[in-house]
Amino acid sequence: MKLSCTLKLSVAVFAAAMIPFCASAKITVTVSHTHVESHPDHIGFEAFKDHIEKNIGDKFEIQIYPNAVLGSNDRVFGLVKTNSVQFMAISSSNIENFDSLYSLFSIPYLFTSRNAYESFISDPKVIESLGANAKTDGFRPLGAFTAGIRNFYAKFPINTVDDLKGKTFRVQSGKTNADMIAAFGATDYLIRFNDVYSALKQGVVDGAENNELALVDQKHGEICKYYCYDGHQMVPDMIIGSEEFLSKLSPEELKIFQDAAIEAQKVEFAAWENSINKAIEEAKIAGVTFTNVNVNEFRDKVLPMHKSILKEHPDIKSLYDKAVEYNTKYN
Ligand code: GCU
């Protein structure tokens with residue numbers, strides 16, 4: 001029997017809600033993300049589960065829901081704030097309209113190397129600073145998955161920045177993304193991650209921007225045959241936990257959840273390179289061309305955004321300065 005999408009979702013949410021009452025005396029901790037099970041975020045969350053269950057498995061049972069079965073990022077974000085879902089991976093872009101500190105990562109060309117970026121998001125002080133508003137936000141960041149480098153891809157070749165002009169690109173939520181697309185002379189179209197394939201197929205958008213995994217995991221490479229290495233953003237998937245849930249843990253339990261997030265992050269980083277290389281190979285077989293472009297041309301268009309974002313959100317200045325320090329240190 002085939003279940004409709006809505007019915008499947010209701011069953012999953014109902015099951016997630018019922019488990020604490022019917023399984024055992026254990027507390028079920030629900031973890032959600034939008035990716036396929038081979039994705040590094042999922043592999044990271046498996047390590048998160050292992051760490052917790054190894055240490056306090058007599059009290060907590062971790063249930064991971066991949067593929068957005070519990071809903072889109074926006075929907076699950078609301079569920080985390082009310083403690084209906086305890087943990088999720090969510091792009092920092094999806095948080096910035098809610099807490100402007102997270103607009104930091106949407107700044108195009110903020111980092112000058114992957115090494116600087118990954119070291120920055122591995123710094124516990126950075127994660128702590130991002131959690132400054134946890135009490136009022138209703139969620140707390142415990143770590144960050146890399147999610148790689150975002151590049152444009154489309155149904156047409158992108159060889160220079162001018163090729164973006166007049167075209168429509170899918171963006172994820174977050175005001176800075178819309179501003180960035182406008183600065184490139186293109187039009188933005190906000191679409192949920194798991195709906196992008198249909199939007200590309202139906203011609204609602206001419207292209208999108210993401211790391212290489214989207215070409216294969218989300219099948220965007222079936223439609224977009226041109227992937228262009230402009231490297232405009234490095235936007236992490238934040239590992240966030242419900243503040244209500246975390247605040248009720250004992251200090252010992254909290255430490256185990258925090259360590260589990262750090263472990264998840266390490267495992268995700270380690271899995272990233274291999275997953276990307278595999279995705280590139282698969283995409284090439286499917287006919288996708290990968291092009292290196294003159295990155296300076298792209299950077300010049302959006303560099304003024306650094307000043308304007310800092311002016312609009314002075315609260316991100318100290319994190320911004322720290323990112324610049326990391327650029328110097330790790331270049
Ligand atoms: C990346 C990221 C996702 C995000 C997606 C998007 O793939 O890992 O968390 O949702 O980009 O563009 O929506």
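How close do the axes of helix 5 and helix 12 come, and at what angle do they cross? In this predicted model, local features require a pLDDT of at least 70 and side-chain atom pairs a pLDDT of 80 or more, while totals for chains, interfaces and linings use all residues. Residues are numbered from 1 along each chain as its sequence is written, and side-chain values use heavy atoms, with hydrogens and water left out.

The axes of helix 5 and helix 12 come within 12 Å and cross at roughly 160°, where axes are lines fitted to C-alpha atoms over the stretch in contact and angles run from 0 to 180 degrees between N-to-C directions. Helices here are DSSP runs (H or I, at least four residues), numbered from the N terminus. Helix 5 and helix 12 are therefore roughly antiparallel, a term for angles over 145 degrees, and helix 5 passes helix 12 in a right-handed crossing, in which the near helix is turned clockwise from the far one by less than a right angle.

Helix 12 (residues 251–285) also meets helix 2 (residues 40–56), their axes coming within 7 Å and crossing at roughly 150°, which makes helix 2 roughly antiparallel to helix 12. The residues of this contact divide into 14 nonpolar, 4 polar and 5 charged, where Ala, Val, Leu, Ile, Met, Phe, Trp, Tyr, Cys and Pro count as nonpolar, Asp, Glu, Lys and Arg as charged, and the others, Gly among them, as polar. For helix 5 (residues 114–121) and helix 15 (residues 317–330), the axes come within 8 Å and cross at roughly 130°, and helix 5 passes helix 15 in a right-handed crossing.

The ligand is surrounded by ten residues that include His35, Asn73, Phe193 and Asp237, each having a heavy atom within 4 Å of the ligand. This shell divides into 2 nonpolar, 5 polar and 3 charged residues.

Terms used:
Helices (H or I, at least four residues) and strands (E, at least two) are DSSP runs, numbered from the N terminus. Angles under 35 degrees count as roughly parallel, over 145 as roughly antiparallel, 65 to 115 as roughly perpendicular and the rest as oblique.
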